[in-house]
Amino acid sequence: MSSATNGATAGFLVWRLSMKWRVAVDRAVAPLGLTHAQYVVMASLYDMSRSGLRPSQRGLADRTGMEPLYVSKLARALEASGLLDRTRDPDDPRAMQLSLTEQGFDVTRRAITVVQRLLDQLLAPLGGRTGPRTREFTRELAILLDAPLDPHTENDEEQS
């Protein structure tokens, strides 16, 4: 453990790890003309499309945890770059459905390969992507992601 993390809180460590990952992915996908956020949109859309889904911007926002307005902004930029198509949802004229273009599929496949190599580096100290420590770490992260967070709710200590 580095001196910068000695005695650090779980919240601080989550922040530092998320920043380390974001910066590393930004640098890794930059040669492909992407940012980390654009990669998340495209890789999520790629995964959803492989399952036969053609999500709305709202559905993709729900999947990624990003704000719908931010997904909309990213989708417009990716559309302008020729990487995805936005079309009106025939069942809801207010909604936009997203799909990758052929160029988008190609760029996304290459980006996924780059990011998977980066993930291998990150998870090597835990035994790699398929190691038991990584599986446990993944389960713990999923538990934390499922925990409700409401900044307007006081905890029991503050109410005393």
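Both Y46 and F105 are buried, that is, under 20% relative accessible area with a 1.4 Å probe and protein chains only. The model is predicted, so local features require pLDDT of at least 70 and side-chain atom pairs pLDDT 80 or more, while totals for chains, interfaces and linings use all residues. Residues are numbered from 1 along each chain as its sequence is written, and side-chain values use heavy atoms, without hydrogens and water.

The structure holds one aromatic pair. The ring centres of Y46 and F105 are 5.8 Å apart and their planes stand at 65°, so the pair is edge-to-face (centres within 6.5 Å, planes over 60 degrees apart). Because Y46 belongs to helix α2 (residues 36-50) and F105 to helix α5 (residues 102-123), the pair ties together parts 59 residues apart in sequence; helices here are DSSP runs of H or I with at least four residues.

The largest nonpolar core comprises 27 residues, and L34 and L84 have the most contacts inside it. Such a core is a set of buried Ala, Val, Leu, Ile, Met, Phe, Trp, Tyr and Cys residues joined through side-chain atoms within 4.5 Å. The greatest contribution to this core comes from α2, with eight residues. Among the residues that L34 touches are M42, L78 and V107, contact meaning heavy atoms within 4.5 Å.

The axes of α1 and α5 come within 10 Å and cross at roughly 140°. On the α1 side, the contact includes W21 and V25; on the α5 side, it includes V114 and L118.

Technical notes
Phe/Tyr/Trp six-rings, centres within 6.5 Å; stacked < 30°, edge-to-face > 60°. Helix = DSSP H or I, 4+ residues; strand = E, 2+ residues; numbered from the N terminus. Buried < 20%, exposed > 50% of the residue type's maximum accessible area, 1.4 Å probe, protein only. Axes fitted to C-alpha atoms, helices over the stretch in contact; angles between N-to-C directions. Lists of a residue's contacts leave out its neighbours within four places in sequence.
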